[in-house]
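Q: I'm new to this one. Can we go through it piece by piece?
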Amino acid sequence: KEHKVTLLSSPRDTKSDIPGYGTQKFNAAYAFNGPAGAIEAAEDLLDIEITHYAEVSFNDLANLVDAVGGVTVENESKIDNKKCDWDGNHYVIEEGTQHLSGGAALTFARNRDYPDGDFTRQKHQRMVIEAIANEVLNAPLTSIPGIIEAAIDCVVTDLDVMDIIGLAQNFANAD
């Protein structure tokens, strides 16, 4: 109704009451009951109704980033963390505005060696998802089939194709 999408990150260690399991870390809701468990835990925690969801596999995200031609992010501090290496390459991401390939974007989204722990990582994950959305909305029609193919591999959602097309049309002219 409001032409607005909200990306929210709940810290994975937030205590949450999970039916049948008692008080657990928030991310345990997904481990115990999949997307439905995570949705229920988020609704209870935040006192909101979640109408749709998209589950993003960050292991396959690199291909989607490459399909949209890379993403541009603002990096507040240099990232040089071998624990984030995942494809045999080591990605060093300098401070400042950076245009990232899929592999570098995954390192940017996975790194959590920050003084505030998981909060900066969550912010980076939202930045990558927002940058992908911006690239998709500005992509030429000829690149859409490749983008859709890459998205199918890393995104699971309860939205059907017509819902997604409607959302894309709805947000094409939004901020």
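This is a predicted model: local features need pLDDT of at least 70, side-chain atom pairs count only at pLDDT 80 or more; totals for chains, interfaces and linings use all residues.

Q: How many residues does α4 have, and how far does it reach?
A: α4 has 20 residues and spans 29 Å from first C-alpha to last. That is close to the 28 Å expected at 1.5 Å a residue.

Q: Back to Q122. Why does Q122 count as buried?
A: Because its relative accessible area is 5%, and buried means under 20%.

Q: And what is Q122 in contact with, beyond its neighbours within four places in sequence?
A: Q122 contacts S9, S10, P11 and R12.

Q: New topic: the largest nonpolar core. Which residues touch the most other members?
A: That core has 21 residues, and the ones touching the most other members are L64, V65, V71, L100, F108, V128 and I132.

Q: Which elements give two or more residues to this core?
A: Those are α2 (61-67), β4 (71-75), α3 (102-110), α4 (118-137) and α5 (144-154). The largest share, four residues, is from α3.

Q: What does L100 touch?
A: Leaving out residues up to four places away in sequence, L100 touches V65, G70, V71, V73, I93, A105 and F108.

Q: What other core lies apart from that one?
A: A core of six residues, including I18, F26, A29 and A41.

How values were computed. Residues are numbered from 1 along each chain as its sequence is written. Side-chain values use heavy atoms; hydrogens and water are left out. A nonpolar core is a set of buried Ala, Val, Leu, Ile, Met, Phe, Trp, Tyr and Cys residues joined through side-chain atoms within 4.5 Å. Buried means under 20% relative accessible area, exposed over 50%, partly exposed in between (1.4 Å probe, protein chains only). Contact means heavy atoms within 4.5 Å. The expected span of a helix is 1.5 Å times one less than its number of residues.
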